Amino acid sequence: MKAIKKSLTEEEYLYLDFSHQTKGCIFPLHTSVTLFLLSYCDCKIFKICLVVTKEVSTDSLLLRDDLIQDVEIQIISRQELPPIVQNCCLPAVLERSDNFCRAGLAVVLRHIIQKSYEADPLKKELLELLGFKKTCLKACAEVSQWTRLCELTIPLAIENFLRESSDQPPTIPVEILQLEKKLSEPVRVHNDDKLRRQKLKQQKADGAGPPLTKGKAKSKVHTQETSEELDSASKSMELKVAFSKLTVQEEPATTNRELSHIRKAKASDLPPLEHVFAEGLYFTLADIVLLPCIHHFLVIICKKFSEKLAEFPLLASWYQRIQEVPRVKTAASKCGIQFLHLPELLTTSTEQHPNLSEVPGVEEQNDPLFIGGPRPTMAKLMEKGIEVIFSPHPCPTWTLDWNVLPAAVSPKEGKMSGDRALRKQQQLNNLVYVVTNQAKPGDRIVDFCSGGGHVGIVLAHMLPSCQVTLIENKELSLIRAKKRSNELGLNNIWFIQANMEYFTGMFNIGVALHACGVATDMVIEHCIKTRASFVTCPCCYGFIQNTSKFNFPKSEQFKKTLSYKEHMILCRFADQTAAQLPPQRRLIGKQCMCLVDLDRARAAEECGYSVQVISMEPESCSPKNNMIVGIPI
């Protein structure tokens, strides 16, 4: 490990979990996926460490050179990880500075793509993996169902499937059904209308007649047609578009004006675009993530239960098509993935898994007694003794002496107007007062959803005996925060680019300024799990909704009084607190904010916390000016 620590000053280290390897399959699958991307990008700029939790056998050590060809790999123990990486789920990448870490599959994969392109700018096709506006798998798994499916639930479900597979007919993971259903849905892209008119024109030219436009029947017919024409790209406009982009070829520009009936066709009469790859027409990072997972799933299915393959015609089509992508077969071979040759008949099957229509979705809850508007909802709460009451502010006039603090501490250093910077300082006064009065020497403080580090940098400067960690999903925001930290010479601060689910470290105080929607609830939950105090300032109440992690209302007291729909009314009106709105409307918005946060407070109290909902001072510092302060009892 001495050599490793010395090298950290020269290059980035990539840390991957390693539990075991069987027949070309590396566990956990996150590691298989990461190694496959490295192979596809032909990326050799990272030092790779496989991290084991127990002693590795000699056989496993001998196998390490076969994990991915032409790449040097070292095997280390969890205890040998740098401290910041020990606080994260793997995979993780550590910068040479030793205090900036990227963690979580999607974040790490996106970073690998970016660094591979920077190392060789001629590989422009690598950036295409990030999709339109470079947003592929960028949304965090906590709020994006698609990111969650690709990054978390499919790899985990297939690992469980592989672990539990026997000679008995298997229970197909619901996540596989969700992916099959996803592949059956019409594709939506930024130039959707143009491409659909091209497809209509092609159908007319081929004598296909008018397009079907009757919902599910249309989708099934088109899916079958595409499946039957896998090997004939000339018969599928989608395949032409997808593979012309992969081979860096442009479709010849058409100089003729569209025919009148094509130009005037209604959007509802245009044929839908069908999936070529996981996210639509184009090969993206999502396909890279799914390929190793689906491959190992299909290996078991083909080996033991080949009759089941007919239930996944779209997945089979996708699996075969992805092998046609340039460099995919070479990259897979280097990682020990030997592609299956599926029978042709499987891709033309019209059978559908009987449970496909039963894949759980979000359903609107019907309440026959529901009365719209915030006033009936607030009246209902008042009948149960739940009123809008704020706890008193502990020190409404306290303020940091911003004039004597170093310039890099102030939010004025960011790209803000003078008025906005002043309001940000006022917000910080409130949070910093509460945190500094709770913190003790040696405490670990986490600034969740830290953005550019306005809260965390002030706390690190004010509390030099405490360790402060900034956690943020947006890379550029953290880079700006690190630059400010370097100017201040702070040595008690860490930067972690990750979804907060990937932070596993222990801490004493969690803080979040304007964590959007359910992000506030995630921060509070994270703090409760570690029995840490929390100081949060919620934002974007209108984005609150039921998720895979939370159901609203949260507290037993509110659940007994309000339906989900009534609670959503409070959330929507809680966003109506902007200064330009009429005073009465702002007042109702403020009351709704308080009630939503009281539900959060009651839920935390049910977990053994003392919680206060406080209005920040001055209230003009932000339209979203509530603080929820919780201390474990």
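**Figure 1. The crossing of helices α13 and α14 is left-handed.** A crossing is called left-handed if the near helix is turned anticlockwise from the far one by less than a right angle, and right-handed if clockwise. This is a predicted model, in which local features need pLDDT of at least 70 and side-chain atom pairs count only at pLDDT 80 or more, whereas totals for chains, interfaces and linings use all residues. Residues are numbered from 1 along each chain as its sequence is written, and side-chain values use heavy atoms, with hydrogens and water left out. Helices (H or I, at least four residues) and strands (E, at least two) are DSSP runs, numbered from the N terminus. Two packed helices are described by the angle and the distance between their axes. The axes of α13 (residues 285-304) and α14 (residues 313-322) cross at roughly 115° and come within 11 Å. Such axes are lines fitted to C-alpha atoms, for helices over the stretch in contact, and angles run from 0 to 180 degrees between N-to-C directions.

**Figure 2. Residues of α13 meet residues of α14.** From α13, Asp287, Leu290, Leu291, Ile294, His295 and Leu298 take part, and they meet Leu315, Trp318, Tyr319 and Ile322 of α14. Eight residues of this contact are nonpolar, one is polar and one is charged. Here Ala, Val, Leu, Ile, Met, Phe, Trp, Tyr, Cys and Pro count as nonpolar, Asp, Glu, Lys and Arg as charged, and the others, Gly among them, as polar. Contact means heavy atoms within 4.5 Å.

**Figure 3. Helix α18 (residues 454-462) is mostly covered.** Seven of the nine residues of α18 are buried, namely His454, Val455, Gly456, Ile457, Val458, Leu459 and Ala460. Buried means under 20% relative accessible area, exposed over 50%, and partly exposed in between (1.4 Å probe, protein chains only). The buried residues of α18 pack against helices α17 (418-438) and α19 (475-488), and against strands β8 (444-448), β9 (467-472), β10 (493-497) and β11 (509-516).

**Figure 4. Serine 450 lies in the loop between β8 and α18.** Serine 450 counts as buried because its relative accessibility is 7%. Leaving aside residues up to four places away in sequence, serine 450 touches Leu470, Ile471, Glu472 and Leu478.

**Figure 5. Over residues 210-235 the pLDDT is below 50.** pLDDT is the predictor's confidence in each residue, from 0 to 100. The mean pLDDT of the protein is 83, and 77% of its residues reach 70 or more.
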